[in-house]
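Visitor: Hi, could you walk me through this protein? I'm new to reading structures.

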Amino acid sequence: MPSSNPLPPKENALFKRILKCYEQKQYKNGLKFAKQILSNPKFTEHGETLAMKGLTLNCLGRKEEAYDCVRKGLRNDLRSHVCWHVYGLLQRSDKKYDEAIKCYRNALKWEKDNIQILRDLSLLQIQMRDLEGYRDTRYQLLMLRPTQRVSWIGYAMSFHLLEDYTNALAILNDFLDQQKASYDYEHSELLLYQNMVIRESGDIDFALKHLDKNESQIVDRLAVEETLGELYLKLKKYDNAVGFYTCLINRNPENTIYYKKLIEAKQITKAEDIVNMYLEFEEMYPRSIPPRRLPLNYATGHTFRELVDKYLRRDFHKGVPPLFVDLRSLYSNADKVKIIESLLLQYVEALKHVGKFSVEEDDAPKEPASALLWVYYYLAQHYDHLGNTDKALSYIDAAIEHTPTLIELFVVKGRIYKHAGDASEAFRWLDEAQALDTADRYINSKCAKYMLRANMIKEAEETCAKFTREGVSAMENLNEMQCMWFQTECALAYQRLEKWGESLKKCHEVDRHFSEIIEDQFDFHTYCMRKMTLRSYVGLLRLEDVLRGHPFYFKAARCAIEVYLHLHDKPPKDECAEQELSTENLAPSELKKLRNKLRKARRKAEVESAQAAQAQVKREQHNKSRNQGDVEPDAPQLDELIPDKLAKVEDPLEQAIKFLKPLQTLAAKQIETHLMAFEIYYRKEKTLLMLQSIKRAYRLNREHCKLHSCLIRFHEYIGRTRESMPAAVRDVVDKEVRPIIDGRSPRDLNESFLKKKSSYLEAILECAKMQYHLDKSAQASALNLVTGISDELTDVTIQNCTRVLQSLRGGDFGSCENVIEEYVKKCHGRFQYASAFKPPSTAVLSPVSGGGGAGSPCENNHIGNELKDNCHSSN
């Protein structure tokens, strides 16, 4: 429908020039033409011109003026599809997709066949995963442009994403029937996409026939062979599958998946036969690694000893640093560990005396001098993995004495100290490694990570600054580059230092990165359709749907939830009010000291604010230089993350729920998700949501220690609030909890769980906490239970002992300073390198300004979780 206020030819020509200037990004010229139209007294209120002026202003970053113009134009011409379309574009630029969709729908009321509006609407619908709406919009586009390939493909894909495979295949077949046989890449991708839809529909026979029929038109030969092999396996046509996987191995003998599929196709079940198959491939491909490495997973006894001996000798001779990482998966088998250890010790003795791997090999040539070095290097990692820190250190020291310039040795020594619980010493050795090669980005990053583990945040930033852009602070540049490992480690370091606002800032930055990644898929909706990369496109959409299930997000969300729970339990105090109260009772001399201290603090704050303002000016200049040249600005400006504001949030539990929701959807298989949910809802006193969290966790692992303490508290909560519960809620709780508690009281539940798990320190800790929680008079009994480290316990590790210490200091057992002191001494005798248990006189103070010592509650906060995450990892 035409505008209610059409322009005469002269002004209409000017309006077309505005549109052209917008398309060519000549925004200033567009404003000049808009001014010419609006300066005419007859058209000062022309709606479409005002709307286009607003759109142009938005591209120049003048957002408020833009919205004023567009809204004014829309009021003047509500029946104009141009005004509604422009308003939708403005909303889209601000990421308000739901509002933009409403605007596009209003525009279509007045111009239902407008191709551009329909395309824009379809992009927003697929971005928001409104698949039914997307299907309807793609149908309209197909009816309007039936000759365009994108129209057919988009409509077919809408049915595919809705899992309506029959209609999707029917549309693809109709489109392909109209096409001539072609041998180009795009037609090949379309056929492979069609086959993907057939496979997902479950019709494996038809998928095989389709691939056989169109094989000559598909240029991606690797995809064809891999798909055929998979199809033959599913159809149990094993002989055909064997042929294809043999060809694939011949094509790429380094791909381990092909070997596993071949074993499945050959239906080999005996370990001896699998080993023999790999040995045959080793003869065929002597330079390939998988035929030599994979049989070690299946071989046992004497056969394993021969194979691993051969494998170790070859890599020690060549000097392969990641050899231990390669073989680490074998360490789940105690017998294989013993065999590897005996061979390593044999190598050391033989290399020391005769320069060979065995003293019995008289005719063998001598090994290079570096062979002994790499055996030392492996042994250090071997004993570190087994928890024998003293032996690990002795071997790595021998290696460093042998070759004091090899960077990898210092990295391993730092890792040994990290696993032993001494983050400060670990950083020192990584710093030594970094000093040997300051141009190595990997070592630089690793050193920064260890600094953060030692709570040296400022130093870590300075270390990273060597490889970040000049003129911008390292922290800001790392945020721009979405360097999430640095930000998550930073958040955890701030959490340990009890700088809650700074920790939350880093967690929110990580959350924003994931939001940006989700927004970035917008550009691919049209690109992938045009370039026909359809299989990759579907994979992208499915990846984006589960993006927040990524470990980076889980780690940041867990940190944020823990901080918000702490802020709820112990809200930050008002410092000004505290100072006013304290100054009333001070002596004049003390008051003078306090005023001097406050004056210095004010001066420091002024300097910091001046530096921050200067940095802000630099940032604005940098952004201005990036946006110059009339380039359309990026995403709308987000609210600045101010640490103090984040730490003093009014509703910490509601903020925690924002981080929890994605985890409940995408990390539902991790029991930690539901335990965190319980902690939040327990504080909010949401009975049914507490019950839901417990049931979900119970379904995953009913023997989990943390779940036990949650169950006891929930049981106790029900008994306390039963009378005030609504009848319907009470009935649901009784019905769902009955199979779990089996009529037992909280105390009986605690005692039965303790009997069942009496050999596990982690379980004893939770039971002791609940014992004190249920009966404060049982403090002595609970403390004796949790601090009695005996040899009968199977999980007396640094992590678990640190958790116990953390719990004692956190007040879970009331006031017990003497017990804490004795417990620290006891743990220090067992874990002499762990900084958490070092006496105050020997503990290394954290270099971070304002941080506690190595044995302080600040530094020990959540160290158990970190050790659990990082222990025995290559990171």
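This is a predicted model: local features need pLDDT of at least 70, side-chain atom pairs count only at pLDDT 80 or more; totals for chains, interfaces and linings use all residues.

Visitor: Okay, which residues touch the most other members in the largest nonpolar core?

Guide: That core has 73 residues, and those that touch the most other members are Leu 312, Phe 316, Tyr 347, Tyr 378 and Phe 486. Helix α21, which covers residues 370-385, gives the most to this core, with eleven residues.

Visitor: And what does Phe 486 touch?

Guide: Leaving aside residues up to four places away in sequence, Phe 486 touches Leu 452, Ala 460, Glu 461, Cys 464, Met 475 and Leu 478. There is also a second, separate core of 60 residues, and among its members are Met 157, Ala 168, Leu 228 and Tyr 259.

Visitor: New topic, the backbone: what is the phi of Met 532?

Guide: Met 532 has a positive phi of about 65°, although it is not a glycine. Most residues other than glycine have a negative phi. Met 532 sits in the loop between α30 (524-531) and α31 (534-545).

Visitor: Is Met 532 buried or exposed?

Guide: Met 532 counts as buried, because its relative accessibility is 0% and the cut-off for buried is under 20%.

Visitor: What about Asp 742, then, where is it?

Guide: Asp 742 lies in the loop between α40 (727-741) and α41 (746-756), and although not a glycine, Asp 742 has a positive phi of about 55°. Asp 742 is exposed, with a relative accessible area of 59%.

Note on methods: Residues are numbered from 1 along each chain as its sequence is written. Side-chain values use heavy atoms; hydrogens and water are left out. A nonpolar core is a set of buried Ala, Val, Leu, Ile, Met, Phe, Trp, Tyr and Cys residues joined through side-chain atoms within 4.5 Å. Buried means under 20% relative accessible area, exposed over 50%, partly exposed in between (1.4 Å probe, protein chains only). Helices (H or I, at least four residues) and strands (E, at least two) are DSSP runs, numbered from the N terminus. Contact means heavy atoms within 4.5 Å.
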